[in-house]
Protein chains: 4
Amino acid sequence: MQKIKRIGVFTSGGDAPGMNACIRSVVRTALYNNTQVSGILQGYQGMIDNQFIEMNSRSVSNIIQLGGTILKTARCSEFRTVEGRKKAYDNIKAAGIDALVGIGGDGTFTGIEVFSREYDIPVIGIPGTIDNDLYGSDFTLGFDTACNTVIEAIDKIRDTAASHDRLFFVEVMGRDSGCIALNTGIAGGAEAILMPEKETAIDDLIERLEGAVAGKKTSTIVIIAEGDQNGGAYNIAKHVKTKFDFYDTKVTILGHLQRGGSPSSFDRVLASRLGFSAVNLLLAGETRRVVGLKGNEIQHVPIEESINNKAFKLAPDMIELSHILAI
Amino acid sequence: MQKIKRIGVFTSGGDAPGMNACIRSVVRTALYNNTQVSGILQGYQGMIDNQFIEMNSRSVSNIIQLGGTILKTARCSEFRTVEGRKKAYDNIKAAGIDALVGIGGDGTFTGIEVFSREYDIPVIGIPGTIDNDLYGSDFTLGFDTACNTVIEAIDKIRDTAASHDRLFFVEVMGRDSGCIALNTGIAGGAEAILMPEKETAIDDLIERLEGAVAGKKTSTIVIIAEGDQNGGAYNIAKHVKTKFDFYDTKVTILGHLQRGGSPSSFDRVLASRLGFSAVNLLLAGETRRVVGLKGNEIQHVPIEESINNKAFKLAPDMIELSHILAI
Amino acid sequence: MQKIKRIGVFTSGGDAPGMNACIRSVVRTALYNNTQVSGILQGYQGMIDNQFIEMNSRSVSNIIQLGGTILKTARCSEFRTVEGRKKAYDNIKAAGIDALVGIGGDGTFTGIEVFSREYDIPVIGIPGTIDNDLYGSDFTLGFDTACNTVIEAIDKIRDTAASHDRLFFVEVMGRDSGCIALNTGIAGGAEAILMPEKETAIDDLIERLEGAVAGKKTSTIVIIAEGDQNGGAYNIAKHVKTKFDFYDTKVTILGHLQRGGSPSSFDRVLASRLGFSAVNLLLAGETRRVVGLKGNEIQHVPIEESINNKAFKLAPDMIELSHILAI
Amino acid sequence: MQKIKRIGVFTSGGDAPGMNACIRSVVRTALYNNTQVSGILQGYQGMIDNQFIEMNSRSVSNIIQLGGTILKTARCSEFRTVEGRKKAYDNIKAAGIDALVGIGGDGTFTGIEVFSREYDIPVIGIPGTIDNDLYGSDFTLGFDTACNTVIEAIDKIRDTAASHDRLFFVEVMGRDSGCIALNTGIAGGAEAILMPEKETAIDDLIERLEGAVAGKKTSTIVIIAEGDQNGGAYNIAKHVKTKFDFYDTKVTILGHLQRGGSPSSFDRVLASRLGFSAVNLLLAGETRRVVGLKGNEIQHVPIEESINNKAFKLAPDMIELSHILAI
């Protein structure tokens, strides 16, 4: 094993709050261990386009609280080709980078996995996505912040819901994962939660809402993950309205604001710990690992294990209590 | 002029942050002046349905910070009929209410104006609507809070916008008024602002966005008032996308969360001052006035003047600077 | 084992955000299982003073987002006496309460432990304290919210710190525990963190700050847990100032605002899960358990184990990285 | 009158939220009018030390939402000397700066007033201070944001206050001005407000608090401006405690976090309008004016008028209602 002299760090895929705190931790931990750091802009695209910037302690000053990612992120189909990765490797080599830390999701991990096998470069993956759908960590960077953003929105909607007789539909992120929907539905006191992991017939939804209205004579909030089988919030609202016409139905599409915002304390601490751990693993000679949180401790698992396993983070007790608490 | 012994207070129309702070101020100012207060539930509907509750100092404890309205609000077509108002008057009379304070918008003011003329009951209107489109006050209750809610959303979107090459469309409230759109567009640093008061051709918008993209190579946010002539954000995004296809376009519909939330300091102080002033006016023998803020001072104008005048609150310097600051 | 017909729920000790969400979950889970619930006001004092209120589904409507505790809390020395507990038991018995759920900290757990042994009443403890210093749960209710409150304050201070050459001292809660200080110090990017678990000589602190100033020529934030051996923030600021006089030193004492605020999504979900689990344990015949979070799962441990074990939640990697990240 | 080719912009005195939004507006308005802009770092000190940076449209990208000031601020005694100002003028001249926009308070205005008379350089002052104590504008930059920061803190304290029997003392900024204290006291529902403009005997305070306690049996918050004659919150708490010993008294010193934070929508719009107006005035040949908000419109007054007049912004109705609303 050769000593690592320069680590390249990049963010890839959808951005998530906490990525900057994580970059900062990678940079400062490396510098503390007398290892240089290059920031790679625009993820894999930046490797191919030769966009590297020298990172020093000041480059990451005053960024721990910022949403987004100072290294930016982009999709890159070229990296999926052998030629693209060849170009990336040549650039990385020329830049003196001899190890990589990639912050992102499934696609990011797959990329560095393949790359590391092809070019024998040590790599570590850090789970960064608001969807919390990665195997190998109880929580992914940005999920906690996104949930807080959603419940602040729900709380505001509930204020006005409680003043009128209205039915509110709030669409949250989650194309394949109901993690945000389930957590914020419970935390927001929603009457119903629709998510991709669980089919909900519109008729059952209507029945449930009729029960809520009958029992409470007050207003009602439905949370819908964007990936739910019934289509988005507008579509569901339209269907429900046909059988529920005495109620005013209102729709909110939170959209990309869920990706932004200053990271929560939880996400900043997690980001700092994972960045610290990723660098220490590299320096200890490890490669192709994903670092993650397990309870209160940092763990790491093989990247391929993380890629090949589906994370199921909808705890059965949470699904059960989502039904009970809305009574 | 007869001494007023009991004031009825109600909220009507769309709810707005600060209504509770205003109710509190009406109640406590009246009690301080040895005048009783009845809370009327559900606005005009509550007068017709005889929904009155006794308000004491404790009824309004710990509500100054709450969004929504503890007195609730509802639409009421019956009050627009002579019979409806007759029923309302009989109930009010029976409840011992001999003056009214109505918190709401245009429709609320029209209601009490007519009612007061028919039944010779003193009334005062307090401008409460997030749209800030009423004549007689620099600011209406809830507008400041709504703007803060919107810019928090825009700030979050900008985080993620700055990390990707994306075009964001954010739809804000304002069916007839661009007040929220203009203020939050400026405060949020938007590249373009679409509002009902000003026609914007889609082609001009596209040209402007192309300029922004060319100049900045970064992401771009467009604010759209729901009442804009081009239709909602989804519609505009669809049109823009046809000529702008290398960009990812994303839409956020903020919806009713703009009505909720804990009122800002500004709205709470304004609410407290207007409630205080409304009661003092009634006790001084005034009627059919709308209280409002003029600079740093509380003023009042005849209700009919408020109803008949269109508020134009898009200061010319603001429209001009909205173009300049986005450069 | 006798069937439980009525559960008494109470909050005790310092209040913490999430207590209301937890009460709501206890009430609704019990009702769902056809078990009645009494709310006990003011903790142990309410048992002695016979302050019970009937809880139904509506009693806990619209409280999930509220800080504080609707059941209030108080200290109660009388419950530490045999006579006090006798009185409490007689009242509880008369009210038909045959099981207890106590939400609070160490003192709360000790109280129900003793009580349960003396009177053979089944009890479950739920860890609720912002200090996160209880054994048996990775996180206690309110800790996450308190950390978010602190970092919002630190972020604001950093804004002004970065505009001036100034040294800021921020005192946070934690009489015996540095958990808030360590987490928010890392999340807030503090230059130094002082906490009860670790003695810091003032001279070492000064040296560290001199290094920070020399390296950065910018401003500097020190986080101090109130229980640190060097005394509170004012005292430390005074000492530092003597050797650092070219710098303006400023002090913020956050105080009890750290206990308030709307609970974070994390705390609301945790509260809901723990309340649900506590009731299910009672109904399953368990007693004298503390429910808690272990990773992503709910666990439970004997109360006496929780009381007798010191929680050490300052993960070694976090202490190490708090030094590195401030470079 | 000579054409202005380059404007120098600087911030001075205590920083305030909105200063960055204002710098952005000055820069972009000037560029739009084909006028160059230099940023002067550290206020007057930067003029003397020759710290100028070229500002273009990108220099002020993505700063509208940031607290603090990217141009930094510092105190500068040297500028009060003839020699200091000579050095500043020579540097400014050499840098091609032929007009100045100074954002700050009283001291800032006095500085540019004298400077402009000595060296015949056109100057405009923009009121930026959280204290809102300047003549010539209904509101100063940062005041609105600071008030929101304070009431968020009070709201959190009220949560915990309502759960215990406690007396809370919250110290807010305002050495000579009770503007923050009065506004946030009203907006926060405080039981008593102590401020420099109005002497309050401790005995009267105690009497008032005893009344509050007797009437409500609940907790109580006192807001204290740091400049109150009775000394800071700790001192007052100590005095009150002697006659109020059955109550737990708690103190929060908000300190400099009141200066930070992302500016409110109100402050951002105000900042944008004032910056726009300042540049337009300079380009129209005006000098020695302070721009400000009057109602909904931008106005300007002579600097010396602003310096010589004391702003009295404690509206009589607000002082009166602060007494009534706490009942």
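Copies are superposed by least squares on the C-alpha atoms of residues with pLDDT of at least 70 in both. On that basis, in this predicted model, chain D can be laid on chain B by a turn of 180° and a shift of 0.0 Å along the axis, with an RMSD of 0.0 Å. In chain D, D:G295 has the C-alpha nearest that axis, 1.7 Å from it. Chain A is in contact with chain C through 49 residues on each side, and chain D is in contact with chain B, again through 49 residues of each chain. No contact joins chain A and chain D, and none joins chain B and chain C.

**Chain D and chain B**

- The area buried between chain D and chain B is about 4,200 Å², and carbon and sulfur atoms give 60% of this area.
- Of the interface residues of chain D, 100% are also interface residues in chain B, so these copies meet through the same surface.
- Four salt bridges are found across the interface of chain D and chain B.
- A salt bridge joins the side chains of B:R268 and D:D155, with an N to O distance of 2.6 Å.
- The interface of chain D and chain B also has 14 residue pairs in polar contact, counted where both residues are at pLDDT 80 or more.
- On the side of chain D that touches chain B, two or more residues come from each of helix 1 (19-32), helix 5 (143-161), helix 6 (179-188), helix 7 (202-216), helix 9 (265-283) and helix 11 (316-324) of chain D.
- Helix 9 of chain D gives the largest share of that side, seven residues.
- By class, the side of chain D that touches chain B is made up of 20 nonpolar, 16 polar and 13 charged residues.

**Chain A and chain C**

- Chain A superposes on chain C through a rotation of 180° with 0.0 Å of shift along its axis, at an RMSD of 0.0 Å.
- This is the relation of a two-fold axis.
- A:G295 is the residue of chain A that comes closest to the rotation axis, its C-alpha lying at 1.7 Å.
- Because 100% of the interface residues of chain A are also interface residues in chain C, the copies meet through the same surface.
- Between chain A and chain C the buried area is about 4,200 Å², of which 60% is given by carbon and sulfur atoms.
- The rule finds four salt bridges across the interface of chain A and chain C.
- The side chains of A:R268 and C:D155 form a salt bridge at 2.6 Å, N to O.
- Between chain A and chain C, 14 residue pairs are in polar contact, with both residues at pLDDT 80 or more.
- Helix 1 (19-32), helix 5 (143-161), helix 6 (179-187), helix 7 (202-216), helix 9 (265-283) and helix 11 (316-324) of chain A each contribute at least two residues to the side of chain A that touches chain C.
- The largest share of this side, seven residues, belongs to helix 9 of chain A.
- The side of chain A that touches chain C has 20 nonpolar, 16 polar and 13 charged residues.

**Chain pairs without contact**

- The closest C-alpha atoms of chain A and chain D lie 11 Å apart.
- For chain B and chain C, the closest C-alpha atoms likewise lie 11 Å apart.

**Salt bridges over all chains**

- The structure holds 48 salt bridges over all chains.
- Within chain A, A:D90 forms a salt bridge with A:K86, with the closest N and O atoms 2.8 Å apart.
- Both A:D90 and A:K86 lie in helix 3 of chain A, where four residues, about one turn of the helix, separate them.

**Aromatic pairs**

- Over all chains the count comes to 40 aromatic pairs.
- The ring centres of A:Y44 and A:F79 are 4.0 Å apart and the ring planes are at 20°, so this pair is stacked.
- The pair links distant parts of the chain, its residues being 35 residues apart: A:Y44 is in helix 2 (residues 44-49) of chain A, whereas A:F79 is in the loop between strand 3 (52-55) and helix 3 (82-94) of chain A.

Conventions: Residues are numbered from 1 along each chain as its sequence is written. Chains are lettered from A and ligands numbered from 1 in the order in which they are written. Side-chain values use heavy atoms; hydrogens and water are left out. Contact means heavy atoms within 4.5 Å. Buried area is the accessible area (1.4 Å probe) that two parts lose on being put together, summed over both. A polar contact is a pair of N or O atoms within 3.5 Å; within protein, one must be able to donate a hydrogen and the other to accept it, and residues adjacent in sequence count only if both atoms are side-chain atoms. Ala, Val, Leu, Ile, Met, Phe, Trp, Tyr, Cys and Pro count as nonpolar, Asp, Glu, Lys and Arg as charged, and the others, Gly among them, as polar. Rings of Phe, Tyr and Trp (its six-membered ring) pair if their centres lie within 6.5 Å; planes under 30 degrees apart count as stacked, over 60 as edge-to-face and the rest as tilted.
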